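I opened this model to look up a few things in turn: a helix face, charged pairs, a pocket and some backbone angles. The entries below follow that order.

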Amino acid sequence: MSEIYTENLSFAYQTEKIIGNVDLKVDNGQILVILGPNGIGKSTLLSCLSGLHGNYQGKIQLEDEELKSISSRELSHSLAFVSQGVNAKSNLTLYDYLLLGRSSFHSIFSQPEKKDRKKVEAVLEQIGLSQYRAKSVSDMSGGQRQLTQIGRALVQEPKLLIMDEPTSALDYKNQILVLKLIKALSQIDISIIISTHDPNQAMMVGDQVGLLINNQTYLQGETEEVLTEQNLTDLYKTPIVSTYNSKLKRDIFGTKME
């Protein structure tokens with residue numbers, strides 16, 4: 001069963017169409033990586049899929065239910081969204097910050113239960129930050145705060161995780177940490193959609209890739225079939241070449257500097 005799919009999805013601000021004709025599909029436990037140049041509408045597309053832009057045209061089905069018909073409380077138990085950049089800032093400790101993410105499971109006056117604390121403990125282990133449970137979120141490094149954002153999403157127990165350029169503000173080491181976490185989450189049947197500018201990241205983690213070529217053209221398919229030199233050259237309007245790396249067992253993409 002598809003975790004989420006769209007039919008002829010379009011979105012416009014007043015008279016300016018940002019995206020159109022997007023037919024997208026993500027199955028259970030699958031990673032979809034969306035590539036596209038700046039300003040093409042990647043963030044808008046992810047906002048529509050996350051329920052943040054409700055005035056879209058076309059269809060978005062989440063587990064065979066129209067997204068617009070799902071209440072925000074129900075949606076928070078099925079889908080979690082991690083916005084762009086490292087913006088998790090709080091004077092709360094990491095543990096309390098994650099525990100607050102369980103609030104959608106309770107009434108406004110209820111207290112966290114044992115199962116909530118158990119979930120936070122499990123997520124701390126997943127994101128590799130158990131030793132920082134008592135540290136203030138505002139005192140964490142950029143990489144730790146990005147992992148914290150993902151952890152805050154995971155305590156919601158989502159079936160679908162959507163992340164807008166989750167590695168954009170990170171150094172290479174922390175980019176790899178996040179990408180490894182994304183891969184691990186898919187292996188426990190969490191479906192994931194991420195956006196990025198880097199086709200190498202798509203090759204590293206993507207089961208499928210979607211190219212947002214312009215506001216009327218979206219191409220999705222198997223990673224190795226979609227990530228070709230010609231498709232990427234057309235997408236970014238610059239010559240891109242690939243070479244197979246036998247040690248990494250995947251294609252590497254780059255641009256000649258001459």
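**Conventions.** I call a residue buried when its relative accessible area is under 20%, exposed when it is over 50%, and partly exposed in between, with a 1.4 Å probe and protein chains only. Helices (H or I, at least four residues) and strands (E, at least two) are DSSP runs numbered from the N terminus. The model is a predicted one, so I note that local features need pLDDT of at least 70 and side-chain atom pairs count only at pLDDT 80 or more, while totals for chains, interfaces and linings use all residues. Residues are numbered from 1 along each chain as its sequence is written, and side-chain values use heavy atoms, with hydrogens and water left out.

**Entry 1, helix H9.** I looked up which residues of helix H9 (residues 229–236) are buried, and found Leu232, Leu235 and Tyr236. These residues lie on the same side of H9, because they cover an arc of only 80 degrees around the axis, where the arc is that of the directions from the helix axis to the C-beta atoms. I then asked what covers the buried residues of H9. The cover includes strand E4 (31–35), strand E9 (191–196), helix H7 (199–205), strand E10 (208–214) and strand E13 (250–254). After H9 comes Lys237, which has a positive phi, near 55 degrees.

I placed Pro37 in the loop between E4 and helix H1 (42–49). Its contacts (heavy atoms within 4.5 Å), leaving aside neighbours within four places in sequence, are Lys42, His197, Leu212, Leu235 and Tyr236. Leu235 and Tyr236 in that list are also buried residues of H9. For Pro37 and Leu212, which are 175 residues apart along the chain, I note a C-alpha separation of 8.1 Å.

How many salt bridges does the structure hold? There are five, where a salt bridge is a side-chain nitrogen of Lys or Arg within 4 Å of a carboxyl oxygen of Asp or Glu. One of them joins the side chains of Glu63 and Lys159 at 3.4 Å, N to O. Glu63 sits in the loop between strand E5 (57–62) and strand E6 (65–66), and Lys159 in the loop between helix H5 (142–154) and strand E8 (160–163), so this pair ties together parts that are 96 residues apart in sequence. Glu63 is partly exposed at a relative accessible area of 24%, and Lys159 is partly exposed at 41%.

Arg102 also pairs with Asp116, and the closest N and O atoms are 2.9 Å apart. Arg102 belongs to the loop between helix H3 (94–100) and helix H4 (114–126) and Asp116 to helix H4, so the pair ties together parts that are 14 residues apart in sequence. Both Arg102 and Asp116 are buried. A salt bridge of 2.6 Å, N to O, connects the side chains of Arg102 and Glu157, and this pair links distant parts of the chain, 55 residues apart, with Glu157 in the loop between H5 and E8. I find Arg102 at a relative accessible area of 3%, whereas Glu157 is partly exposed at 39%.

On a 1 Å grid over the protein atoms alone, a pocket is an open set of points where a 1.4 Å probe fits, with protein on both sides within 12 Å along at least five of seven lines, and lining residues have an atom within 4 Å of a point. The largest pocket holds about 350 Å³ of space, the volume being the space filled by probe spheres set on the points, which are joined across faces, edges and corners. Of its 15 lining residues, Leu79, Ala80, Phe81, Val82 and Gln156 are the closest to its centre. Helix H2 (72–76), strand E7 (79–82) and H5 each supply at least two lining residues, and E7 gives the most, with four.

Not counting residues up to four places away in sequence, Gln156 touches Ser76, His77, Leu79, Ala80, Gly101 and Phe105.

Asn8, in strand E1 (residues 2–13), is not a glycine, yet has a positive phi of about 50 degrees. Asp189, in the loop between helix H6 (172–186) and E9, is likewise not a glycine and has a positive phi of about 70 degrees. Asn8 is partly exposed at 43% relative accessibility, and Asp189 is partly exposed at 48%.
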